[in-house]
Amino acid sequence: MKKITAILKSEIIIAAVSWLLSFIVMTVCWVARIKGSYLNYYTGIMITAFAAIFFTLNAIYAVVWLIKNTKKKRLLNYRDENGYSDEYFEALQDRLNTSAKFSAVFKNALLLCGEYADASRFDKALEAIRIIDGDRCNTSQKSRLASEYLKIYSLMKDEEKAKSLYIVLNEILFSAKLRDDVLAYAEYSKLLYFYLANDYEQAIKSASLTIKMSDSKKLKTDAGLMLALSSLKSGDKEVAKRYAGKFSKYISTPAQKENLLSLMTAIERAYGI
């Protein structure tokens, strides 16, 4: 939602500047024509045309982006209502197959991979992520790629491979300054690794960092549930209960519903219920 708002704001600003520029230039053109300066007149016409084209192209970009985002939103809503059905994954696969640019392939392969991982279909998740050519990735993309691999192998409880990927991910993170949203995914993957390694103190720290840095409602909720679970594992059932109640309000995906149910069962057991 924040990204949509930011794009709309930028388009409004571009439109306002473009129309203001056009008005100023046309006024200059009118004055120039009155004074007989045809050179300035035609120069002004060209500048006005350029401003109009610039605004139009940006408006087209905004419309195309909003259409694509709406289609993705519909897919995710279908998932939340119908679960991880074959039809849902086929639609995601079609979205990936029709991706032309590498950036689109990267995003859609990660989306498909993440959804397969949430559905505990890890072989399919690995199949999806292996489509991405790591040699073509920039540092930010390499971080996301390593994060996703770490997430999968941590969920698969393959501690040996997860540890290797944890080291790789940290090397990438130390090599460059990355955006908070990229770092948030890295912290979430590290959280899953720490939980697998029974290091609940570090898991709690990574969960808190994920929630702090991420703008994604889904990622915040996933991290919140793991924060509650890690707190419970560390022996603090009161904190676990509080976090479970807090983040239960934001549950949307089938995986989150299942994880919340398991979490609440574990908390009830801790209370002897």
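Guide: Rings of Phe, Tyr and Trp, the last by its six-membered ring, count as a pair if their centres lie within 6.5 Å; planes under 30 degrees apart make the pair stacked, over 60 edge-to-face, and the rest tilted. The model is a predicted one, and it holds nine aromatic pairs. In one of them, the ring centres of Phe89 and Tyr116 are 4.1 Å apart and the planes meet at 5°, so this pair is stacked. Phe89 belongs to helix 3 (residues 86-97) and Tyr116 to helix 4 (residues 102-118), so the pair ties together parts that are 27 residues apart in sequence.

Phe89 has a relative accessible area of 2% and is buried. Tyr116 is at 7% relative accessibility and counts as buried, because the cut-off for that term is under 20%.

The charged end of Lys237 sits over the ring of Tyr271, at 4.6 Å from the ring centre. Arg242 lies over the face of Tyr243, and here the distance to the ring centre is 5.5 Å.

Helix 4, which holds Tyr116, comes up again in the second largest pocket, as one of the elements that give two or more residues to the lining. The others are helix 6 (139-155), helix 8 (180-196), helix 10 (217-233) and helix 12 (254-270). Helix 12 gives the most, with eight residues. The space in this second largest pocket is about 840 Å³. Its lining is made up of 31 residues, and those nearest the centre are Leu155, Lys157, Met226, Leu229 and Asn259. By type, the lining of the second largest pocket has 17 nonpolar, seven polar and seven charged residues.

Ser154 is buried, with a relative accessible area of 5%. Beyond its neighbours within four places in sequence, Ser154 is in contact with Ala162, Ser189, Leu192, Tyr193 and Leu196.

Definitions and conventions:
Residues are numbered from 1 along each chain as its sequence is written. This is a predicted model: local features need pLDDT of at least 70, side-chain atom pairs count only at pLDDT 80 or more; totals for chains, interfaces and linings use all residues. Side-chain values use heavy atoms; hydrogens and water are left out. Helices (H or I, at least four residues) and strands (E, at least two) are DSSP runs, numbered from the N terminus. Buried means under 20% relative accessible area, exposed over 50%, partly exposed in between (1.4 Å probe, protein chains only). A charge sits over a ring if NZ of Lys or CZ of Arg is within 6 Å of the ring centre and within 35 degrees of the ring normal. On a 1 Å grid over the protein atoms alone, a cavity is a set of points where a 1.4 Å probe fits but cannot get out, and a pocket is an open set with protein on both sides within 12 Å along at least five of seven lines; lining residues have an atom within 4 Å of a point. Grid points are joined across faces, edges and corners, and a volume is the space filled by probe spheres set on the points. Ala, Val, Leu, Ile, Met, Phe, Trp, Tyr, Cys and Pro count as nonpolar, Asp, Glu, Lys and Arg as charged, and the others, Gly among them, as polar. Contact means heavy atoms within 4.5 Å.
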